[in-house]
Amino acid sequence: MSDKETTKGVESITALKAFAHPLRIRLYYALRNAKVATVSYLADAVEAPVAQVSYHLRQLHQHGFIEPAPQHAKDARERWWQLSNQRLRWHASSVLDEPEAASMATMIRNSAVSEQYRLIGEFNESAEWDTGWLDAAFMADGTLDLTRAELTEMHAELMAVVDRYTALSKRQPALPGVERVMYVLHGFPVRRTTDDTA
């Protein structure tokens with residue numbers, strides 16, 4: 001859930017509770033992808049009733065993760081939302097001794113991964129994009145033999161690349177041909193299937 005932007009990271013059981021619902025995570029992703037959106041747009045995006053979506057948006061707002069964007073409203077009845085500068089961040093080790101927090105953190109991670117791969121699948125099945133975008137999109141995976149320190153360093157270097165492109169994406173006004181692009185980065189140890197350490 002964490003973005004490398006000029007954001008305030010939040011780590012607490014209260015903050016975890018604000019995100020510990022699969023629909024809230026889907027709403028978070030939908031709002032991030034839209035940048036700003038109405039309740040009705042988000043309800044369509046996540047295929048949920050407007051009243052239910054409004055409730056979950058209020059919960060995210062109450063905990064500071066989203067904020068109203070009234071400048072986009074055409075009248076007083078229209079309610080627009082956008083992400084705030086607050087993101088949910090935590091170190092996995094920080095919740096190990098708190099079963100409730102650990103359970104919520106696992107649920108949030110699993111729901112986030114499910115949403116990421118749902119969006120990847122949506123792109124793969126879409127006929128919307130021209131061949132230029134299809135060729136530009138990428139997916140890569142592999143395995144490396146690294147120490148914990150090297151994995152930490154790899155993460156920092158990858159995020160430095162993301163930071164550089166984040167700065168480009170904030171140009172105003174947006175250039176012709178610019179689209180919202182989602183990136184997904186995971187790096188984690190896997191169990192060896194053999195005892196071969198060569």
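Student: Okay, contact means heavy atoms within 4.5 Å. Leaving out residues up to four places away in sequence, which residues does Ser84 touch?

Tutor: Ser84 touches Gly64, Phe65, Ile66 and Glu67. Before we go on, this is a predicted model, where local features need pLDDT of at least 70 and side-chain atom pairs count only at pLDDT 80 or more, while totals for chains, interfaces and linings use all residues. Residues are numbered from 1 along each chain as its sequence is written, and side-chain values use heavy atoms, with hydrogens and water left out.

Student: Good to know. Where does Ser84 sit, and does it count as buried or exposed?

Tutor: Ser84 is in the loop between strands β4 and β5 (86–88). Its relative accessibility is 8%, so Ser84 counts as buried. Buried means under 20% relative accessible area, exposed means over 50%, and partly exposed is in between, using a 1.4 Å probe and protein chains only.

Student: What lies 2.5 Å from a polar atom of the Ser84 side chain?

Tutor: That is the backbone oxygen of Gly64.

Student: Let's zoom out. How many helices and strands are there in the protein?

Tutor: Seven helices and five strands. Both are DSSP runs numbered from the N terminus: helices are H or I with at least four residues, strands are E with at least two. The pattern along the sequence is β-α-α-β-α-α-β-β-β-α-α-α.

Student: And what about the box and the buried share?

Tutor: The C-alpha atoms fill a box of roughly 65 × 45 × 30 Å along the principal axes. Of the 198 residues, 28% count as buried.

Student: Now the sheet. What is the strand order?

Tutor: The order is β2-β4-β3, in an open sheet of three strands with antiparallel pairing. β2 and β3 (66–68) are at the edges with a single partner strand each, so one side of each has no neighbour in the sheet. Ignoring direction, neighbouring strands are turned by 35 degrees against each other on average.

Student: How many bridges join β2 to β4, and how many are there between β3 and β4?

Tutor: Three bridges join β2 to β4 (residues 80–83), and β3 pairs with β4 over three bridges as well. Two strands pair if DSSP finds at least two bridges between them. As for individual partners in β4, Ala37 is bridged to Trp81, and Ile66 to Leu83.

Student: Which way do the β4 side chains point?

Tutor: Trp80 and Gln82 point one way from β4, Trp81 and Leu83 point the other way, and all are buried. In a regular strand the side chains alternate between the two faces of the sheet.

Student: Which strands does α2 touch when it packs on the sheet?

Tutor: α2 touches β2, β3 and β4, and its direction makes about 95 degrees with that of β4. Helix α4 (residues 50–62) lies across β3 and β4, at about 105 degrees to β3. Angles run from 0 to 180 degrees between N-to-C directions, with axes being lines fitted to C-alpha atoms, for helices over the stretch in contact.

Student: At what angle do α2 and α3 cross?

Tutor: The axes of α2 (residues 22–34) and α3 (residues 39–46) cross at roughly 115 degrees and come within 10 Å. From α2, Leu23, Arg26, Leu27, Ala30, Leu31 and Ala34 meet Tyr41, Leu42, Ala45 and Val46 of α3. Those residues divide into nine nonpolar, no polar and one charged. Here Ala, Val, Leu, Ile, Met, Phe, Trp, Tyr, Cys and Pro count as nonpolar, Asp, Glu, Lys and Arg as charged, and the others, Gly among them, as polar.

Student: Last one: how far apart are Ala18 and Leu60?

Tutor: They are 42 residues apart in sequence and 6.1 Å apart in space, C-alpha to C-alpha. Ala18, in helix α1 (residues 13–19), is buried with a relative accessible area of 0%.

Definitions and conventions. Polar contact = N/O pair within 3.5 Å; in protein donor to acceptor, adjacent residues only side chain to side chain.
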